[in-house]
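Visitor: Put the structure up, please. I have a few questions about it.

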Amino acid sequence: MKITILTAIAALAIISSAKAQQNQPKTDTVFFEDFNEQTLDRTKWNVEITGNTVNDEQEAYVDSAATLYLVHGADAEGAKNGALVIKAVYHPGYMSKENKKYDFLSGRINTQHKMEFTYGTASARMKMAGGAGLWPAFWALGNGKWPDCGEIDMMETVGDSSWISNALHGPNYFGNTPLAYRAFFPKGIDVTQWHVYSVDWTADSIIFKLDGKVTYTVTRAMVEHYGRWAFDNAKFIILNFALGGGYPGGVNKVKAPYYGISDAYLPAHQNQLPHPDV
C-alpha cells in the first residue's frame, strides 16, 4: 500500500480581537510542529485507536509503528527537519476492540485538548499518494456533537491526484455539503508533490489556500444561507489517512472488492504478506 507523508511547516496563529483592531495586527505562533524528534511528541498529539469507522471507511486506526512513524534526512524526501509518515497497511482479518473485522490498518492523530484554537491560520506542508480510494486529510473539528460542532476541511484528496477539495460542515450543511470546492493543480503538478495547504479563519469568513493562493472563500452569510455558523468555537487539528468509503466511492464508483478501493492496491500474493506488529 502506498504511503502518505505529512509534515507541518507553518504554525497555527491566533489574533485576539484587540490586536486585530490595530492597523498592523501582531500574530502569535501558538503551535508549531516539524516532526524533528525521534518519535511522535505525544504532549502535542493524540493517536486515535478505533475500529468503528464512519463514512463506510474500510480501515481501522491503530497505534503502531507500522502505520505512524517519523523519518529524517533522505528518508523524509524533501522535508528539511523531519516528516511524519502515515502508512496504510493491508492486514486481512484484523479484529478491532469493537469486534469489527477490517482488512486495512492506518493512522490518525489529533491535537484535541492539547492544542485548540479559535480563529487564525493553520497550514501544513504535505505530499500524498494518489490512487483510487486513498483518502488522506488535513482538517479541524470542534468538540461536541457532529456536525453542530463545525468542521473545516483544509485538504482532502480521494484518489484523483489532479485536485484536492476544501469544505465546511455544520448544522444543515454536512455530508454532501453545498459548501465545498475542488481545487485543480496546474498541468504537471499533483498531490504527490510537496504543497502547503492553509486556511485563514476569522469571525466572518474562512479562506482556503493552496501554496499561498486562494482556492475558495466562504463568508458567514454564505454559511447562514444553509444553517448556523458553527465556527465561533475552538477547533483541534486532525491528520489522517482513510481508505475507501463514501467520498472516494462517490468519485471512483468502485464497489468491490472494497467500497471505494481499487483492487490495484491489494498485494498479488495476499496470504504471503507479513502482518504488522500492532
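**Pocket, core and strands**

Visitor: Before going on, what sort of model is it?

Guide: It is a predicted model: local features need pLDDT of at least 70 and side-chain atom pairs count only at pLDDT 80 or more, while totals for chains, interfaces and linings use all residues. Residues are numbered from 1 along each chain as its sequence is written, and side-chain values use heavy atoms, with hydrogens and water left out.

Visitor: How much space lies in the largest pocket?

Guide: About 900 Å³, where volume is the space filled by probe spheres set on the grid points, which are joined across faces, edges and corners. The lining of the largest pocket has 39 residues, and Asn-55, Trp-135, Trp-146, Glu-151 and Glu-156 are the closest to the pocket centre.

Visitor: Which element gives the most to the lining of the largest pocket?

Guide: E13, with five residues. Elements are DSSP runs numbered from the N terminus: helices (H or I) have at least four residues and strands (E) at least two. Others that supply at least two residues each include E10 (108–110), E20 (235–243) and helix H3 (246–252).

Visitor: Is E13 (134–142) buried or exposed?

Guide: Nine of its nine residues are buried, meaning under 20% relative accessible area; over 50% is exposed and in between is partly exposed (1.4 Å probe, protein chains only). Leu-134, Pro-136, Phe-138, Ala-140 and Gly-142 lie on one side of E13, with Trp-135, Ala-137, Trp-139 and Leu-141 on the other. In a regular strand the side chains alternate between the two faces of the sheet.

Visitor: What does E13 pair with?

Guide: E13 pairs antiparallel with E20 over nine bridges and antiparallel with E14 over five bridges. Pairing requires at least two DSSP bridges between two strands. Ala-140 stands opposite Ile-237 in E20, and Leu-141 has Phe-236 as its bridge partner there. In E14, the partner of Ala-137 is Glu-156.

Visitor: And what else does E20 bridge to?

Guide: Three bridges join E20 to E10, with the two strands antiparallel; Ile-109 is partnered with Leu-239. E20 also pairs antiparallel with E11 (residues 116–117) over two bridges, where Phe-117 has Lys-235 as its partner.

Visitor: Which residues touch the most other members of the largest nonpolar core?

Guide: Phe-138, Ile-152, Tyr-197 and Phe-231, in a core of 52 residues. E20 gives the most to this core, with four residues. A nonpolar core is a set of buried Ala, Val, Leu, Ile, Met, Phe, Trp, Tyr and Cys residues joined through side-chain atoms within 4.5 Å.

Visitor: What is Ile-152 in contact with?

Guide: Leaving aside neighbours within four places in sequence, its contacts (heavy atoms within 4.5 Å) include Trp-139, Ala-167, Val-199 and Phe-231.

Visitor: Change of topic. Where are the cis peptide bonds?

Guide: One joins Trp-146 and Pro-147, with omega about 10°; Pro-147 is in the loop between E13 and E14. The bond from Ala-256 to Pro-257 is also cis, with omega near 5°, and Pro-257 is in the segment after H3.

Visitor: Which residues other than glycine have a positive phi?

Guide: Among them are His-113, with phi near 65°, and Asn-172, at about 75°. His-113 lies in the loop between E10 and E11, and Asn-172 in the loop between E15 and E16. Most residues other than glycine have a negative phi, and most peptide bonds are trans.

Visitor: Why does His-113 count as exposed?

Guide: Because its relative accessibility is 65%. Asn-172 counts as exposed because its relative accessibility is 61%.

Technical notes:
On a 1 Å grid over the protein atoms alone, a cavity is a set of points where a 1.4 Å probe fits but cannot get out, and a pocket is an open set with protein on both sides within 12 Å along at least five of seven lines; lining residues have an atom within 4 Å of a point.
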